[in-house]
Amino acid sequence: ANGAAAASGGGGAARRRAPPGHFTHFDDGSSVDTANAHLDSLRGFATTYSEQLSAIEHALAESLDSQVWDFDASPVALDTTPYEQTNVLELIATPNQLFNKVLRVFAWACDEARVLETHAQEYFYAPLLMYGEQVVDDGGAGDDDI
């Protein structure tokens, strides 16, 4: 009996047990090693990505420095941007007629939202940005002081 008490903590004092479902903390340092390895791999990725971005920036800097069109030398320019001439409603074609109707409504709503956004940018954004702005007088001599 004495040997069992000495092996369990000794002195006859009852050893405290953790409640069920509670685990004691065990740290063998593997979590720190794993975190460091992951951090090293992320640093390597960031370095590689930074080098790639730098190479792209360097390649673009050379092509962007030269002017493609000089207004002084040639006052006429051609806009060669391709514009799609198909109607959205022509692109919607499924065997299910109900699904076609729903898609057409959403396509129309998206087109209308795009038109309204353009209209708002042209006519309303600038006045709304200035709405509510007031000139603040810093307390200098004014009409009230006279």
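Reply: The dialogue below moves from the overall fold to particular helices and side-chain pairs. Please bear in mind that this is a predicted model.

Me: Let us begin with the secondary structure. How many helices and strands does the protein chain have?

Reply: The protein chain has five helices and zero strands. Read from the N terminus, the order of its elements is α-α-α-α-α.

Me: How much of the protein chain counts as buried?

Reply: A residue is called buried when its relative accessible area is under 20%. Of the 146 residues in the protein chain, 3% count as buried. The accessible surface amounts to about 14100 Å², and carbon and sulfur atoms account for 59% of it.

Me: Which residues of α4 are buried?

Reply: They are Asn-100, Ala-107 and Ala-120. The cover over these buried residues of α4 includes α3 (88-91) and α5 (125-130).

Me: How does the span of α4 compare with the one expected for a helix?

Reply: One compares the distance from first to last C-alpha with the span expected at 1.5 Å a residue. For α4, which has 27 residues, that distance is 39 Å, close to the expected 39 Å.

Me: What is found at the start of α4?

Reply: There, a side-chain oxygen of Asn-96 comes within 3.2 Å of the backbone nitrogen of Leu-98.

Me: Let us turn to charged side chains. How many salt bridges does the structure hold?

Reply: Side chains of opposite charge can pair when their charged atoms come close. This structure holds two salt bridges. In one, the side chains of Arg-43 and Asp-40 meet at 3.6 Å, N to O. In the other, Asp-111 pairs with Arg-114, and their closest N and O atoms are 2.8 Å apart.

Me: Now for the aromatic rings. Why is the pair of Phe-45 and Tyr-49 described as stacked?

Reply: The count comes to one aromatic pair. The ring centres of Phe-45 and Tyr-49 are 5.9 Å apart and their planes lie at 15°, so the pair is stacked. Planes under 30 degrees apart count as stacked, which is the cut-off this reasoning needs. Phe-45 and Tyr-49 are four residues apart in helix α2 (residues 30-65), so they are separated by about one helical turn.

Me: How accessible are the two residues of this pair, Phe-45 and Tyr-49?

Reply: Phe-45 has 55% relative accessibility and so counts as exposed. Tyr-49, at 44%, counts as partly exposed.

Me: One last feature of α2. Which backbone atom does the side chain of Thr-48 reach?

Reply: Thr-48 is a residue of helix α2, and its side chain reaches the backbone oxygen of Gly-44 at 2.9 Å. Thr-48 is partly exposed, its relative accessible area being 40%.

Key. Residues numbered from 1 in each chain as written. Predicted model: local features only at pLDDT ≥ 70, side-chain atom pairs only at ≥ 80, totals over all residues. Heavy atoms only, no water. Phe/Tyr/Trp six-rings, centres within 6.5 Å; stacked < 30°, edge-to-face > 60°. Helix = DSSP H or I, 4+ residues; strand = E, 2+ residues; numbered from the N terminus. Buried < 20%, exposed > 50% of the residue type's maximum accessible area, 1.4 Å probe, protein only. Salt bridge = Lys/Arg side-chain N within 4 Å of Asp/Glu carboxyl O. Areas by Shrake-Rupley, 256 points an atom, 1.4 Å probe, with all protein chains shown as cover. Expected span 1.5 Å × (residues − 1). Contact = heavy atoms within 4.5 Å. Polar contact = N/O pair within 3.5 Å; in protein donor to acceptor, adjacent residues only side chain to side chain.
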